[in-house]
Amino acid sequence: MTSAAASSRQRVLDALNHRQPDRVPVDFGSTSVTGIHVSVVAGLRRHYGLEQRPVKVHEPGQMLGLVDDDLRDAMGIDTVSIMPAKTSYGFLNENWKPWVLNGLEVLVAEGFRTTIDTNGDTLLYPQGDLTAAPSGRMPAGGFFFDVIVRQNDFDPEHLDPADNCEEFQPIGDADLDVLQRSVAAVQGCGRAIVAGFGGTGFGDIARVPGPGLKVPRGIRDVTEWYVSTRSRRDYIHQVFQRQCEVALGNLERIRQRVGNSVDAVYICGTDFGTQSSAFCSVATLRELWVPYYREINNWVHANTTWKCFKHSCGSVERFFETFIDAGFDIINPVQCSAVGMEPAMLKEKYGSRLVFWGGGIDTQQTLPFGSPAEVREQALRRLEIFAPGGGFVFNTVHNIQAGTPVENVVAMLDAVKEFHHA
Amino acid sequence: MPDLQKLYDAVLNGDQKTSVAITREALDAGTDPMVLITNYMVPAMDEVGRLFECEDYFVPELLLSARAMKGSLELIRPLLAARGDEPVGRVVIGTVKGDLHDIGKNLVGSMLEGGGFEVIDLGADVSAERFIEAVQTKNANIVCLSALLTVTMPSMRTTIEAMKAAGVRDKVKIMVGGAPVTSQFAEEIGADGYSDNASSAVALARRLRAEATA
């Protein structure tokens, strides 16, 4: 542990409380939307001359690699991560075993069980159960798993909200033990603790198909879900209401175990934006989502010191006032390339009320396809805009994708260091 | 004879039950199926596109209207085929090799159908060979390539290169789209057009057809 890490938590807390930190805090790897593809983690370990060992895949869908302490030190990262006990595919992240991704040896959890289909695609199974229908598919030569939609026939006149809530159950003692142990292991490490407890993502489209369920019931098809937010709004309300009740109970049980050791909590990853527009109106957000967001965030603020983290890709500036009103403290990934997401405007309008966790560099064009000089230039510009007065945690716009040149990631991190020393 | 304005309204409001019922009634009463499409359904979908552009409608509304339109088209298409009527264009659409994302592609396909095009949907993770085969066998005028991932965008380029090598590139216009795709990228890989949303994809397809037939 370096001495710099000792002040990392304070740096993040300053940023989260809109005070000017000694330098801009940096996050990579604390959540499933601020991470790094396992192949790039391996490349970074090579670049920084760290021990060469297979990297653990801690998030199987996006194949995110675990960022260990030595790499955190090398990259200047100020955060650590607490993930739910089970992955989105329903198996525990434990008992690591070797697996090969396009020639790269990695480690995956014991429950990460796959088969190869006749096209050469890799299939991943819910809860590691090879007798269940597979719930994830990685195309041959691909880098990620996409959720397989397993939509059973349903009677639209007799939908039961319990079916869409099967994955939202009261947290058990075993999972609480895992969370408690995970927090204890990093408590006092000097870095800010960012937790994803699960269960508070309302209608997160990556989770709607139920990849961790052996036989998902209810509305599980992505298109059908989107349509239902318009045509079956009462049903969606019933699902969210049930989910919210369970989540509030779980948060209280988690709070009893981990207290205020956690600094920020990932609440919801539902995307409301597209590249150029939105998935719904502000009025729909307020009517369908905000009541539940408010219940969760109000509970968090009334009972803990955790800060509430909202992820939404795309063109979402129109929703920022509503997110603030609903009690969110942090917005991620700050997709500045989307329409209406101009960074200086965002900082000016919302910088004192929302923490921008992300926005450091574009991951659709600049980071994967730009030159190191272009990467440096954009990162420095974003730092100049977002850093003043705190309220900024440096991170890329969403995860660093497979295929991103390591020299570009290094150029980005060097730009952060350059900014600090300027 | 049913009130055909209700067909327009049903498509606009995404009411599939009503749009199918009125279409059936109208066809039973002897209405020319082309009249239903040209005078009511396409104008309704154009209005849906307009509402989407000005952000009164969003993806769920677009999907509901497209479903209503599709329900009616399923009744109409066999009649048009039987009498040899040609669509305004024939589009082969798919998400490129290595990419399984299909929501955006499905939306574009639905809106193109709503715009009067015949859409041959090859699905997701589609190889260049399958695009080429579809162009050769389906008499297509337009090929739409979709990609959501930065790592699969290069498949768009290789698909176009393979179409050139197979001698089918110049038989069609090629449109590209998807979250990381830009007009600059479209130009770089030699596509004929780029659209950043499903509604403007219809306008682009119409323009490309007009250019090709001018």
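## A walk through chains A and B

Start by selecting B:Val91: setting aside neighbours within four places in sequence, B:Val91 is in contact with B:Leu112, B:Phe117, B:Glu118, B:Val119, B:Ile120, B:Ala140, B:Ile142, B:Cys144 and B:Ala205. Here, "in contact" says that two C-beta atoms, placed from the backbone, lie within 7 Å.

Before moving on, know that you are looking at a predicted model, where local features need pLDDT of at least 70, side-chain atom pairs count only at pLDDT 80 or more, and totals for chains, interfaces and linings use all residues. Residues are numbered from 1 along each chain as its sequence is written, while chains are lettered from A and ligands numbered from 1 in the order in which they are written.

**Next stop: the core.** B:Val91 is also one of the residues with the most contacts inside the largest nonpolar core, along with A:Val265, A:Met412, B:Val11 and B:Val143. That core has 184 residues. (A nonpolar core is a set of buried Ala, Val, Leu, Ile, Met, Phe, Trp, Tyr and Cys residues joined through C-beta atoms within 7 Å; buried asks for 20 or more other C-beta atoms within 10 Å of a residue's own.) The core takes at least three residues from each of domain 1 (5–82) and domain 2 (90–213) of chain B; the bounds come from an automatic or database domain assignment.

Twelve residues of domain 1 of chain B are in contact with ten of domain 2 of chain B. On the domain 1 side, α3 (33–53) and α4 of chain B are the elements giving two or more residues.

**Then show chain A.** Where the chains meet, 19 residues come from chain B and 25 from chain A. On the chain B side, α4 (59–82) and α5 (103–114) each supply at least two residues, and α4(B) gives the most, with five. Helices are DSSP runs (H or I, at least four residues), numbered from the N terminus.

**Last stop: α6 of chain A.** Select A:Thr223, A:Trp225, A:Tyr226, A:Val227, A:Ser228 and A:Arg230, the buried residues of α6(A). What do the buried residues of α6(A) pack against? They pack against α7 of chain A together with α4 and α5 of chain B.

Finally, look at how α6 (residues 222–231) and α7 (residues 233–258) of chain A cross: their axes, lines fitted to C-alpha atoms over the stretch in contact, come within 6 Å at roughly 105°. So α6(A) is roughly perpendicular to α7(A), a label for angles of 65 to 115 degrees. A:Ser228, A:Thr229 and A:Arg230 in α6(A) meet A:Arg233, A:Tyr235 and A:Ile236 in α7(A).

Conventions. Axes fitted to C-alpha atoms, helices over the stretch in contact; angles between N-to-C directions. Parallel < 35°, antiparallel > 145°, perpendicular 65-115°, else oblique. Buried ≥ 20, exposed ≤ 12 C-beta atoms within 10 Å, placed from the backbone.
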